[in-house]
Amino acid sequence: MDAKQSGIKLAKVTKVLGRTGSRGGVTQVRVEFLDDESRSIIRNVKGPVKEGDILTLLESEREARRLR
């Protein structure tokens, strides 16, 4: 089973937007999909992340709310 069949999407981190969560343990990032570079969304990522990282998204429709 490859990524196309299982619904898994690969996305590249284009910009780190900031820290969120009650203790700052989550990072909000803008990602660009590798299969459709015209589409980008904002996601929350737990753990260390930097620009240029490739994320494996199990679900690619939901978008995180922006930080205030």
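**Entry 1: Val29**

I started with Val29, which is buried at a relative accessible area of 0%. For my notes, buried means under 20% relative accessible area, exposed means over 50%, and partly exposed is in between, with a 1.4 Å probe and protein chains only. Before going on, I noted that this is a predicted model, where local features need pLDDT of at least 70, side-chain atom pairs count only at pLDDT 80 or more, and totals for chains, interfaces and linings use all residues. Residues are numbered from 1 along each chain as its sequence is written, and side-chain values use heavy atoms, with hydrogens and water left out.

Val29 sits in strand β2. Helices (H or I, at least four residues) and strands (E, at least two) are DSSP runs, numbered from the N terminus. I then listed what Val29 touches, not counting residues up to four places away in sequence: Val13, Lys15, Val16, Leu17, Ile41, Ile42, Arg43, Val45, Val49 and Leu55. A contact here is heavy atoms within 4.5 Å. I also checked Ile54: it is 25 residues from Val29 along the chain, and their C-alpha atoms are separated by 12 Å.

**Entry 2: the whole protein**

Next I stepped back to get my bearings. I found 1 helix and 4 strands, in the pattern α-β-β-β-β along the sequence. The C-alpha atoms fill a box of roughly 35 × 20 × 20 Å along the principal axes.

How does the radius of gyration sit against that of a compact globule? With 68 residues, such a globule would be near 11 Å, and the protein has 12 Å, which agrees. The radius is taken over C-alpha atoms, and the globule rule is 2.2 Å times the number of residues to the power 0.38.

Buried residues make up 28% of the 68 residues. Of the contacts with a separation of 6 or more, 40% are between residues 24 or more positions apart.

Then I moved along β2 (residues 26-33) to Phe33. Is Phe33 buried or exposed? It is buried, with a relative accessible area of 1%. Leaving aside neighbours within four places in sequence, Phe33 is in contact with Lys9, Leu10, Ala11, Arg39, Ile41, Leu57 and Ser60. Phe33 and Ile54 are 21 residues apart in sequence and 9.4 Å apart in space, C-alpha to C-alpha.

I found Val29 and Phe33 together in the largest nonpolar core, which has 10 residues: Ala11, Val13, Val29, Val31, Phe33, Ile41, Val45, Val49, Leu55 and Leu57. β1 (9-20), β2, β3 (40-46) and β4 (54-57) each supply at least two residues of this core. The largest share, 3 residues, comes from β2. A nonpolar core is a set of buried Ala, Val, Leu, Ile, Met, Phe, Trp, Tyr and Cys residues joined through side-chain atoms within 4.5 Å.

Ser60 counts as buried, because its relative accessibility is 8%. Apart from neighbours within four places in sequence, Ser60 is in contact with Lys9, Phe33, Arg39, Ile41 and Arg43.

My last stop was Gly52, in the loop between β3 and β4. Gly52 is partly exposed, with a relative accessible area of 37%. Not counting residues up to four places away in sequence, Gly52 touches Lys12 and Val13. Gly52 and Arg39 are 13 residues apart along the chain, with 16 Å between their C-alpha atoms.
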